Amino acid sequence: MRPRRRGGHGSRGASAVTEHFLDLPAVTQARGSLALPGSKSISNRALLLAALSPGRTELRGVLASDDTRVMLDALAGLGVGVQERGAGEVTVDGVAEFATRQAEFFLGNAGTAFRSLTAALALHGGDYRLDGVPRMRERPIGDLVDALRVLGARVDYLGAEGYPPLKIGQDVAGLGGDRVSVQGNVSSQFLTALLLSAPLHVQRTGKALRIDVAGELISKPYIGITLAMMADFGVQVEQDGWSSFLVPAASRYVSPGRYLVEGDASSASYFLALGAIGGGPVRVEGVGARSVQGDIGFADTLAQIGATIRRGDDWMEAEGVNVARGERLRAFDMDFNLIPDAAMTTAVLALFADGPCRLRNIGSWRVKETDRIHAMETELRKLGAEVTSGPDWLRVVPPGPEQWKPAAIGTWDDHRMAMCFSLAAFGPVPVRILEPGCVSKTFPDYFDVYARLVA
């Protein structure tokens, strides 16, 4: 049985149709396999790295989504040759200098694109303005701007101090300095942005650049992705733990010719979770033991709370309990600093645990597409759970058999809210997902794939 869709149609981004709501029928079983779409994080990094690498790069497996559309359009607007060949194949003709020196870019709510392009344009030089949706204007960027200013870049706020929109100045003659510090406890995207653009700086100054991290670095696996991909494009960063990174003076990006984007490990979490509560097995293909993505650690989380996990080099499979028969996952109290995106899936799985569950070290949720701690607390309560929260934690007491409540789940214009709450259809009450079209940010056909796996 497929989800029932209702509502008017309206444009969302370049590729998706928004519908007002989607009713999920009750489901009792999940099994099957799917090929994952490409990783959003890797796709946008690969597009920017290819653009900064003179010569042609053929990318395969690029995710088709709102966030990657934003990056593709921005690169084309900068004069980079971009050819989309369909089926995730994109050819990028990289440049040593952007041809377009003056432009305005609307970057939606794409944090990876906004932060990395801010750094690239600020250290490149030109007259640029960057803006996004109202939520993007609430997402902090001050720590990144402060670091760029230390390096001599001209970046001004056009609205509230510390937040987009931004104006990047033309004059880069003052660019200099060989050491900068950036806060690590708000968003790892600030450090990723500096690292990706550091070769532009060292080419102008002729000096190595050291980037120090102030405070505890969150989401370390995402920095691991950045470093591995920079190496694939010819730049080897010297690393002193997670506190300091040295980009050598001779650093230059070099196209690898061809580059394959892995399947998205964050998206894999929803389907592995289906296998964990729907009996399974459910297999995801395109990401596995060799993945560079930290979110494959979600499979270990599932194993700890009661699922059986199998994996190969490029696939993973989950088989678990059947909550429709009254079976339950094990309650948990875990630190999710390393897998904050996949942690959202775990929060919904707490509905099916045998006791209270606690998610710790998730403060980065506060500055994502929405305040995810507040949003998750609000929506889980609708279903009958008892939920409390703090600055960086969430505690969920699952509802008893008679405590579940039918709910219309608000998605808060956040793709992950929509996808992870699809798991609630294993509960004993009707579930409606409001504005399900928000999944177009990373996984436009998510609900079609979901429907093929559940019964």
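In the predicted model, R135 is buried, with a relative accessible area of 18%. This value counts as buried because the cut-off is under 20%. R135 forms a salt bridge with E138, and the closest N and O atoms of the two residues are 3.2 Å apart. Side chains of opposite charge can pair when their charged atoms come close. A search of the whole structure finds 30 salt bridges.

A second salt bridge joins the side chains of E317 and R310, with an N to O distance of 3.0 Å. In this pair, E317 is buried, at a relative accessible area of 12%. R310 is partly exposed, with a relative accessible area of 34%; this value falls between the limits of 20% and 50%, so R310 is counted neither as buried nor as exposed.

A further salt bridge is formed by D341 and R416, whose closest N and O atoms lie 3.8 Å apart. This pair links distant parts of the chain, 75 residues apart: D341 belongs to helix α9 (residues 340-349), and R416 belongs to helix α11 (residues 415-420). D341 is buried, with a relative accessible area of 10%. R416 is also buried, and its relative accessible area is 3%. Both residues take part in a network of salt bridges that links K40, D67, D341, E369, R372, D414, R416 and K441.

In an unreviewed entry, UniProt places the feature "binding site" at K40, G111, R139, Q189, R372, R416 and K441. Of these residues, K40, G111, R139, Q189, R372 and R416 are included in the lining of the largest cavity.

K40 is located in helix α1 (residues 40-51) and is buried, with a relative accessible area of 9%. When residues up to four places away in sequence are not counted, K40 touches L63, D67, T112, D264, E369, K441 and T442. Among these contacts, D67, E369 and K441 are also members of the salt-bridge network.

G111 lies in helix α3 (residues 111-124). At 4% relative accessibility, G111 counts as buried. With neighbours within four places in sequence left aside, G111 is in contact with M136, R139 and Q189.

How values were computed:
Residues numbered from 1 in each chain as written. Predicted model: local features only at pLDDT ≥ 70, side-chain atom pairs only at ≥ 80, totals over all residues. Heavy atoms only, no water. Salt bridge = Lys/Arg side-chain N within 4 Å of Asp/Glu carboxyl O. Buried < 20%, exposed > 50% of the residue type's maximum accessible area, 1.4 Å probe, protein only. Helix = DSSP H or I, 4+ residues; strand = E, 2+ residues; numbered from the N terminus. UniProt positions renumbered as here; feature names shortened; annotations may be inferred. 1 Å grid on protein atoms, 1.4 Å probe; cavity = no way out; pocket = protein on both sides within 12 Å on 5 of 7 lines; lining within 4 Å. Contact = heavy atoms within 4.5 Å.
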